[in-house]
Structure formats: C-alpha cells, structure tokens
Amino acid sequence: MVTPADMLTILRLVLTPVFLALFAAGLHGWAIACFSVAGATDLVDGTVARLTGRPSKLGALLDPLADKALIQTCFISLAVVGILPLWFVLLALARDAMIISGIAYLTRSKVEIPIRALIISKIATFCMLLVAVTGLVIRMSPAAVFIGRPLQLWLIWGIVITAALLLISGVKYLMIGFDILRNRSIREERFR
C-alpha cells in the first residue's frame with residue numbers, strides 16, 4: 001500500500017524530469033521553484049512517515065533513489081553550464097554509485113541490511129540541496145549577493161564542505177558494508 005510519505009517520494013521522482021526540462025529551456029525561476037518543491041518533499045517525507053506511524057519498505061528504497069536522481073540531475077546540469085566543477089559532480093556520483101551498488105550486492109547476496117541513512121549522510125544530502133539551489137540562483141543571476149558577499153563565494157565554501165561530508169559518509173558506508181559482510185561470514189562459519 002502506498003503511504004502519504006511514499007506519494008511525496010514519488011512526486012520527487014516525477015518532478016526530476018520536469019526540473020530538467022525547465023532548466024534546459026532556460027526557465028531558471030521555474031526550475032528553481034520546481035527543484036525547491038522537490039527538495040522540500042525530501043525534507044518532509046520522512047517526518048510524515050514517522051508522524052503517521054506508517055514508514056514503508058517501498059519508501060525506504062525509493063527515497064534515497066529519488067534523492068539521488070533529483071540532486072544528480074541538477075548537479076550534472078549545473079556542471080554542463082560551468083557552474084559546478086566536474087570533480088565535485090564526479091565525487092557525488094561516485095559516492096551514490098558506491099552506495100547503490102553496495103546495497104544491490106548485499107541484497108543479491110541475501111544479506112539483511114538496515115535501510116536507514118546515517119546522520120552524516122542526511123547532513124550531506126541537505127548540503128547538496130543547498131549547493132544545488134545556490135548554483136541554480138547563480139545560473140539565474142550571476143551577480144547575486146548574500147550577506148554582502150558574492151553568491152559564488154558561498155558556493156565555493158558549500159562545495160568544499162559538501163565534498164568533505166560526501167567523503168566522510170562514503171567511508172562510513174563502506175565500513176558498514178564491510179562490517180555486515182564480515183559478520184555474515186563469521187555467522188556462516190559458526191554454522192558449518
């Protein structure tokens with residue numbers, strides 16, 4: 001059964017190609033609005049699931065995929081127009097690919113895995129959303145200023161902080177994955 005939180009996650013998936021079409025058409029204000037609405041669903045869906053007491057396995061699987069689809073679509077779009085550096089986009093893509101392939105491998109190996117995001121990963125996702133919105137605003141208004149400083153300066157700091165968070169969370173997920181595999185082999189040896 002599809003829960004209200006699942007519907008928010010599905011909405012985020014649906015809004016991703018809409019955002020891309022708006023960005024490609026040069027409708028920057030609409031692209032920012034679409035991305036912001038989609039990003040807000042990411043901040044709300046988990047809360048809705050907890051408040052309604054209806055978290056679902058579908059939501060637990062779809063939510064990270066929807067996050068990654070939205071953010072990576074935006075990052076690639078911003079890299080194509082020269083706002084985000086390629087190394088940063090590749091770092092974000094590599095981390096997400098590692099997480100998805102790790103989950104796929106563990107699932108295929110019939111290993112039970114806890115499907116929940118680490119706090120540092122949630123912070124990294126929030127920072128990625130901020131970097132994306134900042135990049136979109138710069139695309140619309142290159143001379144934009146925030147608290148007396150060019151928005152491009154804030155973007156540089158956002159990229160550096162987010163890159164560090166991506167690296168740390170990626171390493172933590174790797175450690176968790178290896179830990180799960182190590183514990184599984186210990187259990188299998190005990191039953192031989």
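Start with helix α4, whose buried residues are F88, V89, L91, A92, R95, D96, I99 and L106. Keep in mind as you look around that this is a predicted model. If you wonder about the spacing in that list, here's a handy bit of background: an α-helix has 3.6 residues a turn, so residues three or four places apart point the same way.

Now follow α4 from end to end. The helix covers residues 86–108, which makes 23 residues. From its first C-alpha to its last it reaches 32 Å, close to the 33 Å you'd expect at 1.5 Å a residue. After α4 comes K110, and its phi is positive, near 60°.

Next stop: the second largest pocket, with a volume of about 250 Å³. It has 14 lining residues, and the ones closest to its centre are L130, V131, T134, W154 and G158. Which helices each supply at least two residues of this lining? They are α5, spanning 119–140, and α6, spanning 151–190. The largest share comes from α6, which gives seven residues.

Are they buried or exposed? C34 counts as buried because its relative accessibility is 8%, under the 20% cut-off. C127 has a relative accessible area of 15%, so it is buried too.

Technical notes
Residues numbered from 1 in each chain as written. Predicted model: local features only at pLDDT ≥ 70, side-chain atom pairs only at ≥ 80, totals over all residues. Heavy atoms only, no water. Buried < 20%, exposed > 50% of the residue type's maximum accessible area, 1.4 Å probe, protein only. 1 Å grid on protein atoms, 1.4 Å probe; cavity = no way out; pocket = protein on both sides within 12 Å on 5 of 7 lines; lining within 4 Å. Points joined across faces, edges and corners; volume = space filled by probe spheres on them. Helix = DSSP H or I, 4+ residues; strand = E, 2+ residues; numbered from the N terminus. Expected span 1.5 Å × (residues − 1).
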